[in-house]
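These are my notebook entries on a single model. I record below what I looked up, entry by entry.

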Amino acid sequence: MVANAAGHTIRIADCATGTAIWPIDVAALFAEKYPDIKVKLYGTDISAEQFPADEKVPSNVELKVRNSLKSFSEKHHEKYDMIHVRAVALALGDGEWQGVVENLQKCLSKSLF
Ligand SMILES: C[S@@+](CC[C@H](N)C(=O)[O-])C[C@H]1O[C@@H](n2cnc3c(N)ncnc32)[C@H](O)[C@@H]1O
């Protein structure tokens, strides 16, 4: 992904982001290791309760309240180069996974830049 990124903004989403620690860490990693590569991170969660204060969120990280069980609007379709999901096993009930995966699949970019 990084090798092909020249001239492209890499868009990475984190579904059910919680405290947003993952997208914030990834933003810091890119800033340190790949300062010339543009990356935009998007964290979504069903609740903003755990989101950090605005001043702790890097400018290339955007946090939004979204229920991953519901379809994402068309403007999100095929938009993201990578979608990360971690530690939601207890949050989703039996039979809810398939719908979430289908929703997220629609949002994955079909091209590698
Ligand atoms: C254990 S936390 C994991 C947070 C984060 N992924 C991490 O690894 O640090 C589970 C998160 O899933 C979120 N969640 C539960 N149901 C959700 C849904 N339907 N859509 C989006 N987020 C949801 C919760 O609000 C919570 O923040």
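Where is the place of Ala16? I find Ala16 in the loop between S1 and H1. Helices (H or I, at least four residues) and strands (E, at least two) are DSSP runs, numbered from the N terminus.

**Entry 1: conventions.** I note that this is a predicted model, in which local features need pLDDT of at least 70, side-chain atom pairs count only at pLDDT 80 or more, and totals for chains, interfaces and linings use all residues. Residues are numbered from 1 along each chain as its sequence is written.

**Entry 2: Ala16 and Ala87.** I looked up the backbone angle of Ala16, which has a positive phi of about 60 degrees although Ala16 is not a glycine. Ala87 likewise has a positive phi of about 60 degrees without being a glycine. Ala87 sits in the loop between strand S4 (82-85) and helix H2 (97-107).

Which of the two words, buried or exposed, applies to Ala16? Ala16 is buried because 20 other C-beta atoms lie within 10 Å. I used these cut-offs: a residue is buried if 20 or more other C-beta atoms lie within 10 Å of its own, exposed if 12 or fewer, and partly exposed in between, with C-beta atoms placed from the backbone. Ala87 has 9 other C-beta atoms within 10 Å and is therefore exposed.

**Entry 3: the ligand shell.** I then listed the surroundings of the ligand. Of the 17 residues around the ligand, those that come nearest are Ala16, Gly18, Ile46, Ser68 and Ala91. A residue is near a molecule or strand if its C-beta atom, placed from the backbone, lies within 6 Å of it. The shell divides into eight nonpolar, seven polar and two charged residues. Here Ala, Val, Leu, Ile, Met, Phe, Trp, Tyr, Cys and Pro count as nonpolar, Asp, Glu, Lys and Arg as charged, and the others, Gly among them, as polar.

**Entry 4: helix H1.** What span should the 13 residues of H1 have? At 1.5 Å a residue they should span 18 Å, and the end C-alpha atoms are 18 Å apart, which agrees. The expected span is 1.5 Å times one less than the number of residues.

I list Pro23, Ile24, Val26, Ala27 and Phe30 as the buried residues of H1. Seen down the helix axis, the buried residues of H1 fall within an arc of 160 degrees, so they line one face of the helix; the arc is that of the directions from the helix axis to the C-beta atoms. They pack against S1, S2 and S3. The face of H1 turned away from its buried side carries the exposed residues Asp25, Ala28, Leu29, Glu32 and Lys33. For Leu29, I find 11 other C-beta atoms within 10 Å, which is why Leu29 counts as exposed.

**Entry 5: the nonpolar core.** The largest nonpolar core has 18 residues, and those with the most contacts inside it are Ile12, Ala13, Ala27, Val39, Leu41 and Val61. Strand S1 (9-15), helix H1 (21-33), S2 and S3 each supply at least two residues of this core. A nonpolar core is a set of buried Ala, Val, Leu, Ile, Met, Phe, Trp, Tyr and Cys residues joined through C-beta atoms within 7 Å.

Which residues does Val61 touch, not counting residues up to four places away in sequence? On that basis Val61 touches Ala20, Pro23, Ile24, Ala27, Leu41 and Gly43. Two residues are in contact if their C-beta atoms, placed from the backbone, lie within 7 Å.

Entry 6: I found Tyr80 in the loop between S3 and S4. Tyr80 is buried, with 22 other C-beta atoms within 10 Å. Leaving aside neighbours within four places in sequence, Tyr80 is in contact with Arg11, Ile12, Ala13, Cys107, Leu108 and Ser109. Tyr80 and Ile10 are 70 residues apart in sequence and 7.7 Å apart in space, C-alpha to C-alpha.

Pro52 is found in the loop between strand S2 (38-45) and strand S3 (61-65). Pro52 counts as partly exposed because it has 14 C-beta neighbours inside 10 Å. Not counting residues up to four places away in sequence, Pro52 touches Thr19, Ala20 and Val57.
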